[in-house]
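Open the structure in your viewer and keep the selection tool handy. We will go from stop to stop, and at each one I will say what to pick and what is there.

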Amino acid sequence: MARVKNWQLGREMSYWYPEARPKKQFAAIFDTNKCIACQTCTLACKTTWTSGRGQEYMLWNNVETKPWGSYPLAWDVRELDLLGPQHWTGDTYTGKTIFEAAPEGKKNIGWTPNDMDYAYPNRGEDEVNVTINVKRYHLKLPHDMWFFYLPRVCNHCTYPACLQACTRQSIYKRPEDGIVLVDQERCRGYRICFEACPYKKIFYNHTTRVSEKCVFCFPAVEQGYQPRCMRNCIGKIRSFGFVSTPANAREDNPIDFLVHVRKVAKPLYPQFGLEPNVYYIPPIHVSSNDFLTMLFGAGARHAIDTYRAAMEGDDPELLGALLLAVSTDRIIHRYQVTGDTVIGWAEDGEEVVRIPLKVPTIERAPFDPDLNVYRHNIT
Amino acid sequence: MSDTTVTSPAGTAPAGTAPAGTGAANGVSRRGLLAGGLAGAGALAITACAADPSDVSVSGGVWVARVGRAPIEPADAAWDRAAPTIVDMDVQVMVLPHRPAPLVAQIAVRALHDGETISFRLDWDDPDTHDLTVRVDDFRDACAVLLAGGEGDQGLRTMGSVDQPATLLHWKADWQRDMDLGVQGAADVYPNRSIDVYPPLISDAPRDLTPADYEAADATEWLPGLHVGNPLSASTRTACVEKLTARGFGTATTATKQNVAGRGERTSSGWRVVLAKPLRGIEADEFTLTPGHAHTCAFALWSGADQDAGGRKTPSKAALRLLLEF
Ligand code: SF4
Ligand code: SF4
């Protein structure tokens, strides 16, 4: 066991291997406030990577409704139950990680799902947190009754439980970009990874009898293009780029800006201890601070307050960083807000996107004489 | 061969005890184990030739009698010539995760050779049959024999060492079922499942498509394990035993030539499984066994019911000497 720094926990923790951060760590940010659960991301991934025999049940990308939804069934509550109480003292996690809570004979806590656990990807869809038992309900923010959509992919963790678990070293984290992959030649289907990953984002192919997982569309990423689930997001909730450690955060990197500078994007279940690299802007309408802390760690409420201020126009840099989401297929490495415009550049310095902070409103006449039709939507 | 010094262990060990259900006799005689004497400087030719198997058992080792033809079937009458060695089993504790306790305390090991091929038969208790690896939580029953240099060299028990590779024979219950019933898949577990299409294959009955159909259509990219040639993902199964070589934990590598045979059978209380290979190694790291010499062997079991895989197994407590009749 090594001692490694997990900045998401505000402390060191135990991990099997010493700290070995990649040269660059690709990361994503999902704005839960904008997701409409259209599942376009799910299908974009499904049709790209998992339409083969043996992959029928696999959703490397899935979107579940919280608080009740889960895929596989109850993945998170089962893990939380094994983990026991999870305490934060300020920004420091003082509970145990899944590595620190490992029972005798194992490197981590974990459990193995069965086929039926994957049979209900839409369980709990659109169900609110409590039973509606009042006649009239007046909306206010945050809501007492709420649900939200949680899109999920592999987190390409800094400290992957899957990688640590594999006794054959069939799983590796690429030093160039931090993408975590399963070597299809080396894997022997032991599924220790499958038991270990608390996010249950590693899957067993029942035809090839080896494990598979999200590859972050590395063939696209290597060429400077975003993964398919990101590019196809209808709600434009997904930002993709690279994340630094807090000490190396760059203000002009939109991901760093959202994660480290404004701290509006939070990891999912950071208390597991994997330092996941997919971040979430917490849902603004959820009234339960405890629930938000459980999902997104300390600072979730602060993230919401900062985010709402940006939406009210008080923070153009933040607004600009958020607006870059799904504005281009290319990976943005640098951005800048100039006046009413936000501009994004690729790694080689090429300008890949330029968009107004506020979309201009154009009013059109109800009748279009050129096409000889009446318009239904005139704004 | 440097591992050739064998001293007679006659009368040096207590009788073995057969585990329930293995059919092994209690109180196997340990007399007259190895006839012959020191031949030359440190080399010994083992020349025991006993008709009565109770005469040929080896203290701390497995005696491999020479027969006319090494059997491949578990029920072959030739096994009557092989005295069972009762091997103590334990948990593997060097690599996490491991089992809390061994699957069984002991197994019965028999071995025969015919000058060309060596056959092992392992008998052990396991009340449940787990011979599928199709569902995500299906794990297989399995067993393995480790062969290496030295003479019961304990340092090689854990998958050989960096300097001294081990050869492994690994029998898999799911491969056995693949052999008997055709390569198993979702169709065998969920016969009524519904499938619209398996791109890019065009078929009126996509439900019936098999990995072989992907191969025929040159579309194995859709089955990544098969595409890269992972032996677990093969579209056809030609053996239920896999030959591997290893140089320590986590290094087991499928041998390029699979000149192995074997067969497993359920008994009333568990499995009896034959694993066989030619004496002569043909891979760079493969160990060659020599009649009249002593080598190192070890054994291991996996239980599908307990989700055993990889290092989560029940290995023999110690490496044993493997003595081949000349
Ligand atoms: S989310 Fe799971 S599968 Fe992905 S890197 Fe982390 S531990 Fe591995
Ligand atoms: S495509 Fe975007 S908006 Fe649609 S479900 Fe996926 S993440 Fe949500």
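Begin in chain A by selecting residues 25-31, strand β3, and residues 278-281, strand β14: these two pair in the parallel sense over 4 bridges. Helices (H or I, at least four residues) and strands (E, at least two) are DSSP runs, numbered from the N terminus, and two strands pair if DSSP finds at least two bridges between them.

A word on the model before moving on: it is predicted, with local features needing pLDDT of at least 70 and side-chain atom pairs pLDDT 80 or more, while totals for chains, interfaces and linings use all residues. Residues are numbered from 1 along each chain as its sequence is written, chains are lettered from A and ligands numbered from 1 in the order in which they are written, and side-chain values use heavy atoms, without hydrogens and water.

Now widen the selection to the open sheet of 4 strands, in the order β12-β3-β14-β13 of chain A, with mixed pairing. Its edge strands are β12 (238-243) and β13 (266-267), each pairing on one side only.

Next comes another open sheet in chain A, with 3 strands in the order β15-β16-β17 and antiparallel pairing. Here β15 (334-338) and β17 (351-356) are the edge strands, and the twist averages 15 degrees from one strand to the next. Select helix α10 (residues 316-323) of chain A too: it packs on this sheet, touching β15, β16 and β17. To see a facing pair, pick Thr338(A) and, opposite, Thr341(A) in β16(A).

Move to ligand 1, which has 13 residues around it (one heavy atom within 4 Å is enough to count as near). Among the nearest are Cys154(A), Cys157(A) and Cys197(A).

Finally, show chains A and B together. The contact takes 36 residues from chain A and 48 residues from chain B. Across the interface there are 4 salt bridges (a side-chain nitrogen of Lys or Arg within 4 Å of a carboxyl oxygen of Asp or Glu). For one salt bridge, select Asp178(B) and Arg209(A), at 2.8 Å from N to O.

Notes:
Axes are lines fitted to C-alpha atoms, for helices over the stretch in contact, and angles run from 0 to 180 degrees between N-to-C directions. Contact means heavy atoms within 4.5 Å.
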